[in-house]
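Please have the sequence and the coordinates open as you read.

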Amino acid sequence: MYAMPRGRFLPPISLSSTEADELRSLARSRSYPFSIVQRAQIVLACAEGQTNKAVAARLAVTPRSVGKWRQRFVAQGVAGLHDATRPGRPREIGDERVMALLNHTLQRTPDDATHWSTRRMAREAGLSHMTVQRIWSAFAIAPHRQRHFKLSTDPYFAEKVRDVVGLYLNPPDKALVLCVDEKSQVQALDRTQPMLPLGLGYVEGVTHDYVRHGTTTLFAALNIATGEVMAQCQHRHRHQEFLRFLKHIERQVPTGLDVHLVLDNYATHKHPKVRAWLAQRPRFKLHFTPTYASWLNQVERWFGHITERAIRRGSFTSVKDLVSRIERFVEQHNAQCAPFVWYATADSILRKIERLCERISVTGH
C-alpha cells in the first residue's frame, strides 16, 4: 500500500537569474536592515532544496520563520521580503499647506535675516517648529547651510581640464607626474596657556588666543603614481624659492625620466627666470590648471591632510619647531603613502560645470 508523505507541503522555489542576483545582493548587503538580509538568505537556502528545519538550524532561526518567508516569496517574489507599510494616524497637514511652506522657504527670506530658522518659519506658517523641521528634512532643505563655489573664467578651461585629467587617468610612459604647489604663510602659533589634555568625559582644551612666532612656506610635489611627497619649507614664496624647489625636484628624479608638473597660475610659476630655467631642461613639461580651479591639483588634498592632522591643532614655540613637525609628518607619510584614486573624467567634470551654469542662469544673476 502506498504511504503518503508526512509533514506540511513545502512549496518549491525556483529562481530566475534576475531573482537570484537580487537575492544574493540583498544577502550580502551591509546597508539594508539585518531582517531583510536574513530573509534573503532564507530564500536562497530554500531554493537549494533544503527543508525548513535544515534552513532554520543553518541560519539560527525558527522553522516557523523559514516557512513564513518561503510562503511569502512564493506568493509575492522579492518584494514580499520587505515589510508592508503599516497604517498610522492620518496626516493633519495637507499637501497644499506643505507646498505653501516649501514655496515660502524657497522664494522668500525674512525681512531682518538672511535665511529662515525652523522657529521663525513656524511662526510665519502657523505650525510647530518640529513640523517645519520634518517637512524640510523630507525635501532635503537646509536654509542654514551654504555651499561655496567659484566658476573659472579661463577661456581655455575645457582644454586645460582635459590636459590635466588626461595626465591623471593615462599618465605617459617613462615619465613622472608631479602635482606641485606651495602652502604659504603657515603660522607657528603657540597657545598662551598650557593645553588641557583629552580625558574621560571631556575634550581637549586650548586657549582661544595665541602668540605668533613667524611663518614658513611649504613647497610640495605629490607623485600621483605612489602618493609620495617631496617637500621643502622656505622663508618666502618668491620665484627664487620656487626655483630652489625645482632644483630639488631635479636632483630627486632620475635623469632618464621626463617630469610633468601640474601647477596653478600663480605668477611665481610663470616668472621669466623660471621660464628660462625650464627652457634649458626640456624634460620638464608644465601643465597649468584653469584659473580658479586649483581643486584639479591633487597636492591641494594633501595640503588638507597635513593641515588637519599636524598644523591646525598644533602649538609651536618657534618656526623651527613648526618646520620640524612638518618634516616629521612628511617622513611618516612617505613611509606608508598611497596614491589618491582619481575617478572623474574630463567629460564628467565639464557636464557638472554645465549644470552649475544652468542653475546660475535660472537665478537671473
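The report below goes through salt bridges, surface charge and cysteines in turn.

## About the model

This is a predicted model, in which local features need pLDDT of at least 70 and side-chain atom pairs count only at pLDDT 80 or more, while totals for chains, interfaces and linings use all residues. Residues are numbered from 1 along each chain as its sequence is written, and side-chain values use heavy atoms, with hydrogens and water left out.

## Salt bridges

Side chains of opposite charge can pair when their charged atoms come close. A salt bridge here is a side-chain nitrogen of Lys or Arg within 4 Å of a carboxyl oxygen of Asp or Glu. By this rule there are 10 salt bridges.

One of them joins Asp21 to Arg24, with the closest N and O atoms 2.8 Å apart. These two sit three residues apart in helix α1 (residues 17–28), so about one helical turn separates them. Helices (H or I, at least four residues) are DSSP runs, numbered from the N terminus. Asp21 is partly exposed at 45% relative accessibility, and Arg24 is partly exposed at 37%. For these labels, buried means under 20% relative accessible area, exposed over 50%, and partly exposed in between (1.4 Å probe, protein chains only).

Glu48 pairs with Arg58, their closest N and O atoms being 3.1 Å apart. This pair links distant parts of the chain, 10 residues apart: Glu48 is in the loop between α2 (34–47) and α3 (52–59), and Arg58 is in helix α3. Glu48 is exposed at 54%, whereas Arg58 is partly exposed at 46%. Another salt bridge brings Glu241 and Arg238 together at 2.8 Å, N to O. Here Glu241 is buried, with a relative accessible area of 4%, while Arg238 is partly exposed at 31%.

Lys352 belongs to helix α13 (residues 346–363) and is exposed, at 53% relative accessibility. Arg123, in helix α6 (residues 118–125), is exposed too, with a relative accessible area of 62%. Arg123 and Gln50 are 73 residues apart in sequence and 61 Å apart in space, C-alpha to C-alpha.

## Cysteines

How many disulfides does a search of the whole structure find? The count is zero, a disulfide being a pair of cysteine sulfur atoms within 2.5 Å. For Cys337, the closest cysteine sulfur is in Cys179, 14 Å away and therefore too far for a bond. Cys337 is partly exposed, with a relative accessible area of 25%, whereas Cys46 is buried at 3%.
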